[in-house]
Amino acid sequence: MRSFVLLIKISWRNVWRNPRGTLLTALALGLGLALLLISLGLLDGGHEQTIANGVRFGPGDVAIQAKGFQDSGSQELLLPAQVVSTINEFLQTDSMKQVLLGASPRLLATGLLSSAANSASVTIIGVIPREERAVSLIPQRMIEGTYLSDDNPAGIVIGADVARKLEVKTGSKVVLMTQAVRQPGTKVKDVTGGEMQSTLLRVKGIFRTGIEAVDADVIHLPLPVAQTLLGVPDNQVTQVALFLRHEGDSLMVAKSLRKRLAGAPVEVLTWRESMPMLAQILGLDHAFNYVMNGVVLAMVGLGILNTILMRVLERRYEFGVCKALGLRPAQLAMMIVGESLALTAISLAFGLALGLSVEHYFATAGLDLRLVFRTGLPRALVVDPILYSRLSPARIVSSVIIVFIMATVISFYPALKAARTKLPDALKVL
Amino acid sequence: MSGRLLQLAWRNLWRNPRRTFIAMAAIALGYTMLLFVACLMAGLRWQMIENGTRLVLSEIQVHAPGYYPSRSIQKTVGGGKGTDVSALLGAITADSRVYAAAPRVYGYGLASASHGSSAGVALMGVAPDQEPKVTALNTLIVKGSYLTRLMPNKIVVGDKLASVIGVEVGSEIVLLTQAADGSMGNDLYTIGGIFHTGLDVMDRNLVLMPLASLQELLHLTPARVHEVGIKLYDINEATAVAAALEARLSKTLPVQVSAWPELAPDLADYVQFNHGVTLVLFFIFFLLAVIGIMNTMLMAVFERTRELGMLMALGMRPVQVIGLIMAEAAGLAAGSLVLGGALGAPLLWYLQKHGLDLGGATGEVVSVAGVVVGHLWYGRQDFSAYAQAAVGLAVTALVSALYPAWRAAHFRPTEAIRKV
Amino acid sequence: MRWHKTTMGLLAGLLLLSLGQISHAADDQQARKIVDRVAQLFSGKSSIATLQMQISGENGQRDLTMKIWTQGENALVRITSPAKDAGTAILKISGDIWYYLPKVDRTIKAPSSMTMTSWMGSDFTLDDLVKESDLVRDYSLANSFEGKRGEVAVYEYTLTPKPGAVVVWGKIVLQVRQANLMPAWQGFYDEDGKLVRELTFSDYKTTGGRLMPSRLVMRSLDKPGQQTVIVYQAVAFDVPIGAETFSLPNLKR
């Protein structure tokens, strides 16, 4: 054991025998590692934001809907009232209260919105303003007027492109026309049935999400108004969208809900199931990342190898002396490995210091993507203009471990070379 | 820089072959990896652009000015009278960079199957013989067959649309639309084929039919088309060719010619992002090069303190010493490039021919920026990226050598000679 | 005595005031009656009308002749000319819209929202053609002008939507000829007071037992050069129409 500690001390001192070289190398490697950490943080953060935004503009981390709704999207498919109350009960339990950020019941339908100037077909979302405010992003994207409030029953908020097409502004009158939902049990002869209902509404606010599909199509109105308009019985809704504090809990929550609601004609979907395209984009990104990270690590590894190997090669005389003095090959090898690890440790110190501080800046102030994408934001990525870095401790730890392992493995070749130093050739000075 | 100096530099490098080789090998490997990633990224970009444009969009589009964004049926190329379509196509293909061009007509309407279910659809009329040269929807037919000029009433729809209104190959379908003169254009068609693109919006809304049939339905004369789609030999020339075409065609016909970055800005953004990622990797590679070269040169310089001191005592000027060291570094870089290139070439060839299979990580098919990407990534040669990396390396080498060179130049000959 | 005078004065004042009120009320009542009559001009429990429609716009001019049956919420429109459109029919029953297309001999179902969109490219919607006027139900009345507009002496009324009325307009201005109490002009304004559509009435004839304008011209002000002219050739009101008229088989006839 003592010799082991001694070896470590010697390795450390050896590394510092060439202070300038060591520092330079460590700086460069550290920079590479810092970059790795920063990009990991930004990419992870980007992912989180993409998910969060997708989830918050859409059906939440977990969505409960009538069975078959995901496929058909028919506004006839509603959640029975007792399902809704079961869900509510479940959400009140302690375990759920811990993970839940909010729950938003919604009624979804399509209709025609008309103004004096024009009409547009829209997707109607009936919401409870208080719940929706807590979870959805639309209330935070108002560019004119204000979001719905519980005390204004006839107000609606519409997307910016809808407003433009209809040539309306806050306070303008609009008429919403939609087909009432067929009551269950009525004889169905036609494929699409139901009376046409119209109602007068006033534009309370206009929002812009930046997502064309939403801005040109979506309107929000108070749930009771939507229910009346659509003739929905018994306070039914189309969907209950759950928003969790941590996306990671989605699966667990979905499982529990499925158990609770077993037998009911409902489907409980995590966001991966309700928005498969989002899941796929992230899958692609992940693959991308692995390739990138692999290459970066490999390059860092090469840098370490280069440095250690070169040093080994020019210390033949020294190794010869060591061996002549009784140092065993295995010990010599360990010393080299130790030096590699020492160099790595110093590099990591720089890397972590630089990387984590920059990452911390990006985690708090964020990286303004508008500076990067001057032509405008890529709509495909669906992120805020400010990208926040999210580097989890697990990521940092695993990166450090991987780097150390790599440094160890990489140093085997130089270590081997050092161990095989042949006496008496090594002692020949010239 | 005198040739003698360069010779000297090169020989100096090889006086310690192992060290030089190791440094070269490290940098060469880094360069190889860079080539690999650049090739892969280029392949991914190309695949995305191809997939984005080859389905329907095409690489360049020609319209009447003001056609976008309203896409009014009235705004045909050449105005209400239209234009000589074959002459227009000829004028376009006269540009040797153009591979093929095909005319299109668009409309909106209602598609209804015999048992009453109807759906709003986007109608696209294409020339069955020419369109397959420009886009590739014809390769995505899963049931039945593509359009043919010989059967003007056979149309092709997406699989989601087919299931929503309940039709299959051979079913009858009515298309109802508002014709150009305001009347209700309507006619009977048969489903000739069903396609599957993987893109929901197309599979659910698009109806493809022969150009002449749609013109008839919309009460448009054969001279009236809304768009000409163009495919090039080299898609990278899109923006340049679009500008050239617009300048040339506008002399006789008012047109607006747009290349795919304008038509699919999401895609263009993603491509830019992709470039950005590659640049980051470049940067890391240069860091690696700095380590390798600076270390090597520093060692080389300090080892030869006595020798350099002697050279300077004999009259070599500091500037020349610097030149020598820099030349050695340049040599190192050059050697690395050659080695890295040699190692990389077979890798690149493999990547281009067989591709990288990411099967498990992404699942069957992915849709990004409105484009479908498979799990098999093919590489594509990106010579400009390779060259940029090489130039960057050369510059990095010279910069890395500056410090060792500067140190060397500042040796005091009297002290240096005495160094053991 | 002074007390008497003051009271008398007060009483006289009150009397005058109430007379004024009464005459106002009379005015109001008269206005309402006039507007009611105008609103009822084109409707009845049922109606059968033959009319000609001329649509002029940037793509030239089109002439259509059609026959329209209405009864309550149901309506049937059949186009009789020109030949290429003849036989095309649209049926509105129980909130559904059906089209019969003679060229392909098929009946298809259309989304009900088509009732609010332009009819055949004209400036009228299907609703405009077949629905009962909502002037009476949804608007409150104010007498805004009396006198000459151009060459014609008219009563002008400003109709403001009642609170909660499901209409998109900010106001409607109706000009009624003083001579024959026939509508002369109707303007549709948005809430900012901008004129969006205008409807001009002329050629007053007695048809189906009523005096009514037989020529209507609708213009949308954001599309200059575009207008639609409707000429009523024959109208009959409150005639019994069999229920089978508003059925799918009848659509094809």
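1. In this note a residue is called buried when its relative accessible area is under 20%, exposed when over 50%, and partly exposed in between, using a 1.4 Å probe and protein chains only. By that rule, buried residues account for 56% of the 420 residues in chain B. The structure is a predicted model, in which local features need pLDDT of at least 70 and side-chain atom pairs count only at pLDDT 80 or more, while totals for chains, interfaces and linings use all residues. Residues are numbered from 1 along each chain as its sequence is written, chains are lettered from A in the order in which they are written, and side-chain values use heavy atoms, with hydrogens and water left out.

2. On the overall form of chain B, the radius of gyration, taken over C-alpha atoms, is 31 Å, whereas a compact globule of 420 residues would have one near 22 Å, by the rule of 2.2 Å times the number of residues to the power 0.38. The C-alpha atoms of chain B fill a box of roughly 100 × 50 × 30 Å along the principal axes. Its secondary structure comprises 15 helices and 14 strands, these being DSSP runs (H or I of at least four residues for helices, E of at least two for strands) numbered from the N terminus.

3. Two surface patches deserve attention, and patches here are made of residues with over 30% relative accessible area and no salt bridge, with like charges joined within 9 Å and nonpolar side chains (Val, Leu, Ile, Met, Phe, Trp, Tyr) within 5 Å. A salt bridge is a side-chain nitrogen of Lys or Arg within 4 Å of a carboxyl oxygen of Asp or Glu.

4. The positive patch on the surface brings together A:Arg316, A:Lys417, A:Arg420, A:Lys422 and B:Arg18. Of these, A:Arg420 lies in the segment after helix H17 (412-419) of chain A, and A:Arg420 is exposed, with a relative accessible area of 61%.

5. The nonpolar patch consists of A:Val397, A:Ile401, A:Ile405, A:Val409 and A:Phe412, which together have about 460 Å² of accessible area. Helix H16 (residues 393-410) of chain A supplies its largest share, four residues; A:Ile405 lies in that helix and is partly exposed, at 49% relative accessible area.

6. Two further residues of chain A may be set side by side. A:Ala226, in helix H9 (residues 223-230), is buried at 1% relative accessible area, and its C-alpha atom is separated by 8.9 Å from that of A:Ala109, 117 residues apart along the chain.

Terms used
Areas by Shrake-Rupley, 256 points an atom, 1.4 Å probe, with all protein chains shown as cover. Lys, Arg positive; Asp, Glu negative; His and termini not counted. Charge placed at Lys NZ, Arg CZ, Asp CG, Glu CD.
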